[in-house]
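I opened the model to look up its cores and its strand pairing. My entries follow.

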Amino acid sequence: MLMTSNKTLFLVSTFILLAVSLTHAQTIVTGKIVDITTGQALSEIEVASARYDTTAWTNKRGYFQIPCEKGDTLTIYDKSESYQARQIVVPTTSYFMIELKPAGMELVSNKHEQGQLLNGYKRGLWHYYDNGEKTLSVNYDNSAIEFLKEDTTSYAVFVDGEWTYKQLEHYPRYLGSYDEFHAILHYSILFPRDLIRMGVEGTLHLMFEVDTLGKVTNTFIINNLGLNTKKSAIEGLKKVPNLWISAEYGERKVKSRFHIPVSFTYHEGSLKNEKGEIKKLHQNWDKRMDPIKEYVSTPLQEIIFTLIEVRRDVKRSMK
């Protein structure tokens, strides 16, 4: 009887030791789940551990505790589907924070811009870059300009009934990256077929105004080269998003004016016209009487189209 009791005691002790060992094998981790855009704590978010088939929910302050091992995968799910589900690997720390993106949100980050899209629309703070430098930050939740790079350029604006140049604190500019603006414009303006057939090259000036609502108006061409170059330049500008920041002079918004030199040229050694020649269409004015100077306007970066080779299968550059 004593032997049986000792055996029973041994089995019970062994069971207790095993239970304690299993308990110690589990790590109870604490986490907090927040909205990635606002940092607000999220309650009633489901957290599941596949290893122990265990589920926990966040409290009103966004906290949860769940048994798991370091390196385990946790599945995070919002039953209301207001936030995107995600999986995370448990870090080496016993406390960590998890950020959830609202449903329909997409994070954008490239060399031109950085921000968040919600159901396809820009939301919150967006940063824009030119030549790798931040030049503009806009808060799309309240339409506020949070940052505008200092610029000492004298901008062409319409003040007191006439066009003049002014240095402005709130100067006009494209609502986005100028690098991207020029890239879109360069892609959208096509090298006219008639220009290729005639073997003509030259430069025109694409002129336009930005009104007080931030929209491009009154587009016209200075030094029209003919041969559909005017149509190609104007149609190309229409394909760029029509979003600009209006100029402000004093406490009022005013119109501004820009011009973009657009050059059509040929690469050295490319196929010329039927006679193997390039006809250089020079600006048809005396340089001392340059008509572009008659217009008060702010120059933007020149767009140069260089046709490397003219052949029948070149479709991208022909119109």
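Which residues touch the most other members of the largest nonpolar core? I found Phe181, Phe208, Trp244, Ile260 and Phe264, in a core of 36 residues. I took a nonpolar core as a set of buried Ala, Val, Leu, Ile, Met, Phe, Trp, Tyr and Cys residues joined through side-chain atoms within 4.5 Å. Buried means under 20% relative accessible area, exposed over 50%, partly exposed in between (1.4 Å probe, protein chains only).

Before going on, I noted that this is a predicted model, where local features need pLDDT of at least 70, side-chain atom pairs count only at pLDDT 80 or more, and totals for chains, interfaces and linings use all residues. Residues are numbered from 1 along each chain as its sequence is written, and side-chain values use heavy atoms, with hydrogens and water left out.

I listed the elements giving two or more residues to the core of 36. Among them are helix H2 (178-188), strand S16 (200-210), helix H4 (229-238) and strand S21 (256-266). Helices (H or I, at least four residues) and strands (E, at least two) are DSSP runs, numbered from the N terminus.

I then looked up Trp244, leaving aside neighbours within four places in sequence. Its contacts (heavy atoms within 4.5 Å) include Arg173, Tyr178, Phe181, Phe208, Val216, Phe258 and Leu300.

A second, separate core has 17 residues, including Val29, Ile45, Leu74 and Phe96.

**Val200**

I found Val200 in strand S16. Val200 is buried, at 5% relative accessible area. Tyr266 lies 66 residues away from Val200 in sequence, with 8.9 Å between their C-alpha atoms.

**Open sheet**

I traced three strands in the order S4-S1-S7, with mixed pairing. Two strands pair if DSSP finds at least two bridges between them. Strand S4 (63-68) and strand S7 (95-100) are the edges; each has a single partner strand, so one side of each lacks a neighbour in the sheet. Neighbouring strands are turned by 35° against each other on average, direction ignored. For that angle, axes are lines fitted to C-alpha atoms, for helices over the stretch in contact, and angles run from 0 to 180 degrees between N-to-C directions.

Strand S1 (residues 27-35) runs parallel to S7 over six bridges. Gly31 has Phe96 as its bridge partner in S7.

**Strand S5**

Which face of S5 is covered? I found Leu74 and Ile76 on the covered face, and Thr73, Thr75 and Tyr77 on the uncovered one. Strand S2 (residues 46-49) pairs antiparallel with S5 over four bridges. There Ser49 has Leu74 as its bridge partner. Strand S6 (residues 86-89) also pairs antiparallel with S5, over four bridges. Thr75 stands opposite Gln87 in S6.
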